[in-house]
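Here's a quick briefing for anyone opening this structure for the first time. Have a look at the picture, then read on.

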Amino acid sequence: MEKVLITGAAGFIGHHLSKLLVKNGYHVMGIDNINDYYDQNLKLARLDDMSIDTSKIEYNVPLSGDITFLKLDLQDKENILELFKNEKFDYVVNLAAQAGVRYSLENPQSYIDNNITGFLSILEACRNFPVKHLVYASSSSVYGLSEEIPFSTSSHTDHPLAMYAASKKANEMMAHSYAHLFNVPSTGLRFFTVYGPWGRPDMALHIFTKAIVEDKEFEVFNHGNMSRDFTYVDDIVESIKRLIPLAPKKNNPNFNPEKPNPSMSSAPYQLFNIGNNSPVALMDYVNAVEKALGKKGKIIYKPLQPGDVTRTYADVKSLFDYIDFKPATKVEDGIRIFVEKYLELNKIK
């Protein structure tokens, strides 16, 4: 069995990916610091769903369930290096990060500590104890001020709007330097508005659903004049699963240093968008939540928030060509499944 390390395994995407890889015959070790950015009980519930006895969690003490779980912080460089030395991972999927655009306006230091210093620990570990492939989460937010729609990985991303986006752009540059200097094969994935069951409570879908269920008001920004390339979590993790064994090679013949494409390199490095390739108007998204719940929401319309963009749209052709898979879950179906799980987890009939 090939061994995969998933960082952020108690997180939204990490939980879904861990379960999928176990089903596909991988031995999965998951690490997470279980911080309090959002309700820790949700993170523990995700681990519980993977048969981890969460009452026994101690720092840096492994627990066995469907996966092997270890509470560990990426900034703990010494223990990260020791873990790589002992476990000899075949693959690493780095999903651990300080998430959220709006939170970065209040606490930018958290993005440096978790997303940059933490990612450096992973790169150093992959350098000292080589793996076949490092896959890591970037974000569609790196496109920033760009209005070159659809967003393409061949475009430049030099105008981020918040520290979250800047930290993800930094991750891409850091990964390239380690690919070039130390031959760490890496693939960066720019996720486009991931949603689905077990999602974070700070995400729009959770906020809308909770407010409508509780008959409370909720805010919709830019007066609802926004669109997003909403991508269902099962499509995200299926893409990652297919990418894991497909590490980039050195000296890509398609890379031209005289006209460099930012998504590839002479080093073993590549970038992909993962999106649904089908933007949905925000108000259509809200309407789908209302339909799934059979209830209208109490909306307060607000101006555009600092750090937000009005629309996202992913060009996913290069990903489709590479893994022969294109995300295609309809928003109505994904929202219905989310709502069903939300009602179940919150014991609402």
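A polar atom on the side chain of aspartate 90 lies 2.8 Å from the backbone nitrogen of lysine 3. This is a predicted model, where local features need pLDDT of at least 70, side-chain atom pairs count only at pLDDT 80 or more, and totals for chains, interfaces and linings use all residues. Residues are numbered from 1 along each chain as its sequence is written, and side-chain values use heavy atoms, leaving out hydrogens and water.

**Around aspartate 90**
- You'll find aspartate 90 in the loop between helix H3 (77-87) and strand S5 (91-94); helices (H or I, at least four residues) and strands (E, at least two) are DSSP runs, numbered from the N terminus.
- Aspartate 90 counts as buried because its relative accessibility is 19%, and buried means under 20% relative accessible area (1.4 Å probe, protein chains only).
- Leaving aside residues up to four places away in sequence, aspartate 90 touches Glu2, Lys3, Val131, Lys132 and His133, with contact meaning heavy atoms within 4.5 Å.

**Aromatic rings**
- The whole structure has 18 aromatic pairs, counted for rings of Phe, Tyr and Trp (its six-membered ring) with centres within 6.5 Å.
- Phenylalanine 208 and phenylalanine 218 have ring centres 5.1 Å apart and planes at 45 degrees, so the pair is tilted; planes under 30 degrees apart count as stacked, over 60 as edge-to-face and the rest as tilted.
- Both phenylalanine 208 and phenylalanine 218 are buried.
- Tyr37, Tyr38, Tyr103, Tyr111 and Tyr164 form a cluster linked by ring pairs.

Conventions. Buried means under 20% relative accessible area, exposed over 50%, partly exposed in between (1.4 Å probe, protein chains only). A polar contact is a pair of N or O atoms within 3.5 Å; within protein, one must be able to donate a hydrogen and the other to accept it, and residues adjacent in sequence count only if both atoms are side-chain atoms.
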